[in-house]
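Visitor: Can you walk me through this one? I'd like to start with the pocket.

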Amino acid sequence: MAEYFAIKGIGLGHYFSLNQELWYQLSCLIFLDLMIYWQHRLSHLVPLFWRFHRIHHGDGQLDSSTALRFHPIEIYASLLFKGALIAIFGIHPGVVLIFEMLLSGSAIFNHANWKLPGRLDHYLQTFLVTPDMHRVHHSQIRQEHDQNFGFCLSFWDRLFGSWGHWQEDEQRQKPLGLKNFDTGGGLIELLILPLKKFWSSSRF
């Protein structure tokens, strides 16, 4: 899509010849990360979006494979959303490629079942989302899993008031996933679950 828009000259970056400017390229990278933050946050706030996003949160054992656990419809919806942003702002294909690599790499990293040294984790959280920071987001408690929506850059959560933190002794004790989320039916059951008219009288 980015290459097609570039060839056709669609978008602000192409129209005003901004795509060769380093400041514009870096701005687009940061902007895309911000938009993914809000996409993620809306997937918790909007009931229709949550029906699909809860497949990701249904994993009770957090590790790097959780970063790949998304319903196909949610993946395609995200693709359309990013495509619209690329079209409007005329983001350079190279910038899009770098962003997708950062997004995928960050998701695998911050879902990993890793425990970084405390001081290193503290410093990294100044700029990046670490496994300890993101683990809060997968808590069974709604107030906690409605925090820390960032994937790559950590300061969006602080800026928009959605940052949360667990103490050291809480990191490995809190239950993860969703309460009463039955995945016994396997892959097919997970795929059709969001399409059912009723799942539960309770969100969790």
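Guide: By class, 24 nonpolar, six polar and three charged residues line the largest pocket. Here Ala, Val, Leu, Ile, Met, Phe, Trp, Tyr, Cys and Pro count as nonpolar, Asp, Glu, Lys and Arg as charged, and the others, Gly among them, as polar. The model is predicted: local features need pLDDT of at least 70, side-chain atom pairs count only at pLDDT 80 or more, and totals for chains, interfaces and linings use all residues. Residues are numbered from 1 along each chain as its sequence is written, and side-chain values use heavy atoms, with hydrogens and water left out.

Visitor: Which residues lie nearest the centre of the largest pocket?

Guide: Gln39, Glu74, Ile75, Ser78 and Lys82, out of 33 lining residues. A pocket is an open set of points on a 1 Å grid over the protein atoms alone, where a 1.4 Å probe fits, with protein on both sides within 12 Å along at least five of seven lines; lining residues have an atom within 4 Å of a point.

Visitor: OK, salt bridges. How many does the count come to?

Guide: Five, taking a side-chain nitrogen of Lys or Arg within 4 Å of a carboxyl oxygen of Asp or Glu. In one of them, lysine 115 meets aspartate 132 at 2.5 Å, N to O.

Visitor: Is aspartate 132 buried or exposed?

Guide: Aspartate 132 is buried, at 7% relative accessible area, while lysine 115 is partly exposed at 37%. Buried means under 20%, exposed over 50%, partly exposed in between (1.4 Å probe, protein chains only).

Visitor: What is Arg135 linked to?

Guide: Arg135 is in a network of salt bridges with Lys115 and Asp132.
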